[in-house]
Amino acid sequence: MKNIAVIGAGTMGNGIAHTFAQFGYKVNLIDVSEDNLSKGLATITKNLDRMIAKEKISESEKINTLDNITKFTSLEEGVKSVGLVVEAATENEKLKLQIFKDLDQFCSDEVILASNTSSISITKIASVTKRADKVIGMHFMNPVPIMKLVEIIRGYSTSNETTETIMELSKALKKVPTEVNDYPGFVANRILMPMINESVETLYNGVAGVEEIDTVMKLGMAHPMGPLQLADFIGLDVCLSILEVMYGGFKNPKYAPCPLLVNMVQAGKLGVKSGEGFYDYSESRKAEKVSAQFK
């Protein structure tokens, strides 16, 4: 399994492609947009340059990593002759189900199909294929080249062989794979998203301001990043999508998204990616300036 296809050249997709390529795997990076592919490769190049500056890799390792990545805009062409496909498209259930239907048609029977979904049921994704035993969740954390955890999600029919293969593959990437079962939000987001949502509620109810909430969690709970800053980093639209999946899956009001979060997403205030969320990123990508709305 030295040939890997990664679907999606966005933040997670380019990070996954970067990681596999850095460890010597041949990666077909697939996206419907040539512009997205170019941006994804530019991000990988910039991140590799940062690693060189920190003396973590050499210039030759950077060149080898980039040489291991090939761009494709055709899904059918991009998944030819690969042993594993990792889907990292937008967190949209309808889109993901269609991708897996197509993958089941385009890929040979022995190919493992993995999804980087942060909340959507692996069992449901597998149900649109004829290889449910070979469908698995491979949830990387952002930024992928740095974060050690990979949440490995077993669908209802995922085989032991598939799970063991992906666990060992994750270890080969110097990651720490952790096996979890297939329920809404899995483990990471089932715990993280209610905390972020409660932080938004705390702001919404006027208990404290943005910086105050983040300061309490950083200094009082030893979190490296406050929950509102983290929400901006993840993307408020992504947070909302995950909460909606969890609320729909459990029908429990504790997962209902805060109205403030809903309004911010509807207003296009998505965090770092849009230039503004709980913080203003117009001058810096660091959370140094609270958004004018919350001053």
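Partly exposed describes a residue whose relative accessible area falls between two limits: buried is under 20% and exposed is over 50%. Lys289 has a relative accessible area of 33%, so Lys289 is partly exposed. The model shown here is predicted.

**Salt bridges**

- A search of the whole structure finds 14 salt bridges.
- Side chains of opposite charge can pair when their charged atoms come close.
- One of the salt bridges joins the side chains of Glu179 and Arg154, with an N to O distance of 3.7 Å.
- Glu179 belongs to strand S8 (residues 176-181) and Arg154 to strand S7 (residues 149-154), so this pair ties together parts that are 25 residues apart in sequence.
- Glu179 is partly exposed, at 40% relative accessible area.
- Arg154 has a relative accessibility of 18%, which is under 20%, so Arg154 counts as buried.

- Lys269 forms a salt bridge with Glu276. The closest N and O atoms of Lys269 and Glu276 are 3.1 Å apart.
- Lys269 counts as partly exposed, with 30% relative accessibility.
- Lys289 forms a salt bridge with Asp280. Here the closest N and O atoms are 3.8 Å apart.
- Asp280 counts as buried, at 17% relative accessibility.

**A network of charges**

- Glu87, Glu91 and Lys96 are joined into one network.

**A positive patch on the surface**

- Lys46, Arg50, Lys54, Lys56 and Arg285 gather in a patch of positive charge on the surface.
- Arg285 sits in the segment after helix H12 (259-266).
- Arg285 has a relative accessible area of 65%, which is over 50%, so Arg285 is exposed.

**A residue in helix H5**

- Gln105 is located in helix H5 (residues 93-106).
- Gln105 counts as exposed, at 62% relative accessibility.
- Gln105 and Glu76 are 29 residues apart in sequence. In space, the C-alpha to C-alpha distance between Gln105 and Glu76 is 8.9 Å.

Methods
Residues numbered from 1 in each chain as written. Predicted model: local features only at pLDDT ≥ 70, side-chain atom pairs only at ≥ 80, totals over all residues. Heavy atoms only, no water. Patch = residues over 30% accessible without salt bridge, like charges linked within 9 Å, V, L, I, M, F, W, Y side chains within 5 Å. Areas by Shrake-Rupley, 256 points an atom, 1.4 Å probe, with all protein chains shown as cover. Salt bridge = Lys/Arg side-chain N within 4 Å of Asp/Glu carboxyl O. Lys, Arg positive; Asp, Glu negative; His and termini not counted. Charge placed at Lys NZ, Arg CZ, Asp CG, Glu CD. Helix = DSSP H or I, 4+ residues; strand = E, 2+ residues; numbered from the N terminus. Buried < 20%, exposed > 50% of the residue type's maximum accessible area, 1.4 Å probe, protein only.
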